[in-house]
Amino acid sequence: MSLFSIWLCASVVTYVSTANNYRVMFDEEKSLNNTLVAENTSLQRRFNEKTALMKELEAKLNDRIQLLEDEKSKLDVELKNARRTSLDYQSRVNSWAGVLTSFERTIANLEQSLNLTQEQLSNAHADNIKDRKELNEITASLYEKIVQMQSLEADRRRLLEAKLSLEEQINQLLGPDGEVVSFEPVTPELDVARPASAIGAGADLKGLITEVGKSLVSISLGSDDGVKKNMVFQVFRGDEFICQIVVTNVDTSKAAGVPELVQQSPRVGDYVTTRL
Amino acid sequence: MSPNGRRTAFNNLYTAILALVTGVVIATAVFVTVKCLVDYGTIFKIVEAVR
């Protein structure tokens with residue numbers, strides 16, 4: 001009985017000492033539960049906050065999406081307009097290309113005609129120089145003829161005076177009763193030289209500047225040469241254009257006019273012509 | 001039994017064993033009581049869950 005009691009006590013002590021402390025475990029589980037509840041509350045609050053943020057962000061994103069949609073619509077319209085404008089500009093480019101091609105052809109034709117005109121101008125300058133040489137020769141021969149005419153006129157006057165003195169001497173020799181002797185020249189008297197008929201309006205007139213005044217310029221051509229009032233002469237010095245002269249006063253052998261389009265001041269001896 | 005009428009122990013060894021067993025039982029009871037007080041805060045009441 002004593003041994004059984006000791007064994008029973010030992011069993012009880014062993015059981016109680018090895019039994020779990022459920023109070024401590026309960027306290028631990030309770031604290032863990034409280035912690036989890038607090039964490040759950042915190043997570044729920046954070047979840048609510050995140051949900052609110054998400055809704056706010058969603059609203060902002062919806063607004064931004066709406067704005068982007070509007071901008072996209074505007075950009076689509078602008079893109080259509082830009083494509084239409086591009087097509088217009090493309091058509092303009094094509095038309096301008098055609099115009100440019102025609103301009104190039106026209107410029108080529110103008111260059112060709114310019115070359116022809118330059119050749120004609122060179123030929124005209126060569127003719128002009130040739131005509132000037134001929135004119136100078138004709139003028140020199142004219143001056144020579146004039147000198148010859150003046151000498152002949154002096155001879156004629158001298159012969160006429162000799163004839164008169166011879167007639168007086170013969171009359172004195174025949175006496176007062178004598179018949180008055182008058183000699184008729186064998187060679188008939190020639191008519192006075194007259195200027196040539198007026199040259200037609202379309203003829204080319206060439207002359208020289210004989211005098212230069214303040215506002216008037218005199219030329220060596222007159223009404224006998226066909227010069228008329230308001231006729232226009234071109235003045236050249238060599239191949240260089242000097243000015244134009246509009247005739248205001250016309251005499252028989254000379255004329256005077258007002259210079260226009262003056263490139264350089266005209267000088268005596270410059271060459272005038274009606275032909276360009 | 002003793003001559004003066006008093007009962008006497010048959011053997012002192014048995015008395016010592018009984019004393020030892022009694023001490024063991026008492027120590028066991030004290031140990032269980034202390035253990036119950038330390039772990040559960042009560043001796044006889046059943047622990048209930050507090051919510």
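Two residues are taken to be in contact if their C-beta atoms, placed from the backbone, lie within 7 Å. In chain A of this predicted model, 51% of the contacts with a separation of 6 or more are between residues 24 or more positions apart.

Chain A holds 2 helices and 6 strands, and read from the N terminus its elements follow the order α-α-β-β-β-β-β-β. Chain B, by comparison, has 1 helix and 0 strands.

The strands of chain A can be followed from one pairing to the next. Strand S2 (residues 217-219) pairs with strand S5 (residues 255-260) in the antiparallel sense, over 3 bridges, and here A:Ile219 stands opposite A:Ala255. S5(A) is in turn joined to S4(A) by 6 bridges, again with the strands running antiparallel. Within this pairing A:Val247 faces A:Gly257 of S5(A), and the two strands form a hairpin with 4 residues between them.

S4(A), which spans residues 240-250, is also linked by 6 bridges to strand S3 (residues 232-237) of chain A, in an antiparallel arrangement. A:Arg237 is found opposite A:Glu240 of S4(A). The hairpin of S3(A) and S4(A) has 2 residues between the strands, and in it A:Gly238 takes a positive phi near 70 degrees. The walk ends with strand S6 (residues 271-273) of chain A, which pairs with S3(A) in the antiparallel sense over 3 bridges; in S6(A), A:Val272 is the bridge partner of A:Val235.

Several of these residues return in the largest nonpolar core. This core has 14 residues, of which A:Ile209, A:Ile219, A:Phe233, A:Val235, A:Ile245, A:Ala255 and A:Val272 touch the most other members. Two or more residues come from each of S2, S3, S4 and S6 of chain A, and S4(A) gives the most, with 4 residues.

A:Asn230, in the loop between S2 and S3 of chain A, has a phi near 70 degrees, a positive value in a residue other than glycine. A:Asn230 counts as exposed because it has 9 C-beta neighbours inside 10 Å, and a residue with 12 or fewer falls in that class. A:Leu261 lies in the loop between S5 and S6 of chain A, and its phi, near 50 degrees, is likewise a positive value in a residue other than glycine. With 13 C-beta neighbours inside 10 Å, A:Leu261 is therefore counted as partly exposed.

Finally, the two chains meet: 9 residues of chain A are in contact with 12 residues of chain B. On the side of chain A, the largest share comes from helix H1 (residues 2-18), which provides 7 residues. Sorted by class, this side of chain A has 5 nonpolar, 3 polar and 1 charged residues.

Technical notes: Residues are numbered from 1 along each chain as its sequence is written. Chains are lettered from A and ligands numbered from 1 in the order in which they are written. This is a predicted model: local features need pLDDT of at least 70, side-chain atom pairs count only at pLDDT 80 or more; totals for chains, interfaces and linings use all residues. Ala, Val, Leu, Ile, Met, Phe, Trp, Tyr, Cys and Pro count as nonpolar, Asp, Glu, Lys and Arg as charged, and the others, Gly among them, as polar. Two strands pair if DSSP finds at least two bridges between them. A nonpolar core is a set of buried Ala, Val, Leu, Ile, Met, Phe, Trp, Tyr and Cys residues joined through C-beta atoms within 7 Å. A residue is buried if 20 or more other C-beta atoms lie within 10 Å of its own, exposed if 12 or fewer, and partly exposed in between; C-beta atoms are placed from the backbone.
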